[in-house]
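Student: I'm new to this structure and would like a close look at one part. Could you walk me through it slowly?

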Amino acid sequence: MKTPALHTQHARAVEHLIHEWARAIDEDRVEAIADLLTPGGRYTVRSRFNHDRQLPMAIIDCHNAAQLRDRIKSMRIANIYEPHHYRHLVSGVQIVGALPPVQAGTVLLDVRSNFTVIRTMALDGDVKIFATGQCQDQVQIDGDALNGELHFVQRRFIYDSRVVETLMVIPL
Amino acid sequence: MKTPALHTQHARAVEHLIHEWARAIDEDRVEAIADLLTPGGRYTVRSRFNHDRQLPMAIIDCHNAAQLRDRIKSMRIANIYEPHHYRHLVSGVQIVGALPPVQAGTVLLDVRSNFTVIRTMALDGDVKIFATGQCQDQVQIDGDALNGELHFVQRRFIYDSRVVETLMVIPL
Amino acid sequence: MKTPALHTQHARAVEHLIHEWARAIDEDRVEAIADLLTPGGRYTVRSRFNHDRQLPMAIIDCHNAAQLRDRIKSMRIANIYEPHHYRHLVSGVQIVGALPPVQAGTVLLDVRSNFTVIRTMALDGDVKIFATGQCQDQVQIDGDALNGELHFVQRRFIYDSRVVETLMVIPL
């Protein structure tokens, strides 16, 4: 196969954006991920089972960055849960195509990657694979390839299992 | 250490090829991986125990792309198994050297990477590490670095454990 | 967000160095990692719990490459343990900044990445996530970006759990 020119050109910047999201959560700077969405960007966490059948039910579905901020705020001040943290492993970032841009002067890329989130409970040190699946992202680049500003217009986490242990309080 | 020039030049394209293989399987487009092998390419899945002792026994050993197609066809229409799917995590792609090319006008690269395959059972949602190990690949590039056509001349999955749970029906 | 120029310029070489460390251990050439540290480089393995509280206690803390060589020698000839090996998965390599260089004519980069080490026991084939966490590395580049020599001035593994099963004999 040939490597798509879009991939060669933008893969490094797109990987960096995806890794920034993961690192913000893993370092407990969860608030920072909302800034990686465009103001109208959408963040969804849904099972592969539902996704494959085009069933709309999702365990998280934020229609814009403000909704995501709200959810994170609720995690900080309202939800009661056993303390734990995540570790993201991401692989296979591929730019699979371009989409019609939302704004003039921007590029909109269709991106796939695989994720695994390993959860560690703070009290007893228990470690397990909490979620694994595919991300289907739309990444917008404002400006040129080397020096542009990147945001997610869509972040869609599709997790493989229908089973989520206990609950999902920290976003993936 | 210095970064080998071969790695700097070709790593992006080689990673893309490796990720394409993984994504085809994870998205249940398994047939597509046979097109990533050259017609005479070899695909082998063998334990580290056997590999280290140069014991030839492998659980999959396709001597060409047609044999791999045959095996995938058998998975689709003949094998009886509990439905499940894979999620690949790949890391540490390194081009460790060049080999004498099979054809004039091509480059043959010796490549290493680490893989983990997480298996999710469709019925009960059970998630576990199904296999982990090293890939030892030979990747052929026809044409120039940026715009060439890439194929595997050899894909060798060496898994760490001698234990494969239940059976391996979907190729790694 | 913008991709930092330092990241764009050096990420490929830094990733290669990090992957070389992992591969040396996974291929049981553990001695080779000491050569990836500068002679005065520091290698530390510490829990996230201790790191977050700035508690100095670490399960491995080598103040220079010679101490790391000593520890590896001890693993080879003195320690008694059930045979096992590791498989590293690394993701999210990001160059987050530059530090004042230790020597003139060099660049010192501040680097983050996520790691997971999957351990396979040689006797019964048992596979489990042995450790997962973040690396906080300082990478020194002597010479130019494309052709320079890279070493770790600091490798700091911060593992998420406070629980290490049995013992850690092979370095991460």
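Which strands does helix α1 (residues 5–26) of chain A lie across, and at about what angle does it run to β3(A)?

Tutor: Before we look, a word on the ground rules. This is a predicted model, so local features need pLDDT of at least 70 and side-chain atom pairs count only at pLDDT 80 or more, while totals for chains, interfaces and linings use all residues. Residues are numbered from 1 along each chain as its sequence is written, chains are lettered from A and ligands numbered from 1 in the order in which they are written, and side-chain values use heavy atoms, leaving out hydrogens and water.

Now your helix. In chain A, α1 lies across β1, β3, β4 (106–121), β5 (127–142) and β6, and it runs at about 160° to β3(A). Helices (H or I, at least four residues) and strands (E, at least two) are DSSP runs, numbered from the N terminus. The angle compares N-to-C directions on a scale from 0 to 180 degrees, using lines fitted to C-alpha atoms, for helices over the stretch in contact. Contact itself means heavy atoms within 4.5 Å.

In chain A, six strands form an open sheet in the order β2-β1-β6-β5-β4-β3, with mixed pairing. Its edges are β2 (60–62) and β3 (84–99), and each has a single partner strand, so one side of each is left without a neighbour in the sheet. Neighbouring strands here are turned by 20° against each other on average, direction ignored. Look at β1 (residues 37–47) and β6 (residues 149–159) of chain A: they run parallel and are joined by seven bridges. Along that pair, Thr44(A) stands opposite Arg156(A) in β6(A).

A salt bridge here is a side-chain nitrogen of Lys or Arg within 4 Å of a carboxyl oxygen of Asp or Glu. Arg87(A) makes one with Asp26(A), with the closest N and O atoms 3.8 Å apart. Arg87(A) is in strand β3 and Asp26(A) in helix α1 of chain A, so the pair ties together parts that are 61 residues apart in sequence. Over all chains, the whole structure has 48 salt bridges.

Next, the neighbours of chain A. With chain C, 30 residues of chain A touch 27 residues of chain C. The two bury about 2500 Å² between them, 49% of it on carbon and sulfur atoms. Arg12(A), His16(A) and Arg87(A) supply 30% of the area that chain A buries there, more than any other three residues. (Buried area is the accessible area, with a 1.4 Å probe, that two parts lose on being put together, summed over both.) Chains A and C share three salt bridges, and Arg12(A) forms a salt bridge with Glu15(C), the closest N and O atoms being 3.0 Å apart. On the side of chain A that touches chain C, α1, β3, β4, β5 and β6 of chain A each give two or more residues. Your helix α1(A) gives the largest share, eight residues. By class, that side has 13 nonpolar, nine polar and eight charged residues. (Ala, Val, Leu, Ile, Met, Phe, Trp, Tyr, Cys and Pro count as nonpolar, Asp, Glu, Lys and Arg as charged, and the others, Gly among them, as polar.)

The contact with chain B takes 27 residues from chain A and 30 from chain B. These chains, too, bury about 2500 Å² between them, with 49% of it on carbon and sulfur atoms. For chain A, Met1(A), Arg48(A) and Gln94(A) supply 28% of the area buried against chain B, more than any other three residues. The rule finds three salt bridges across this interface. In one salt bridge, Glu15(A) joins Arg12(B), with the closest N and O atoms 3.0 Å apart. At least two residues each come from α1, β3, β4 and β5 of chain A on the side that touches chain B, and β3(A) gives the most, with six residues. That side divides into eight nonpolar, twelve polar and seven charged residues.

Methods. Pairing = 2+ DSSP bridges.
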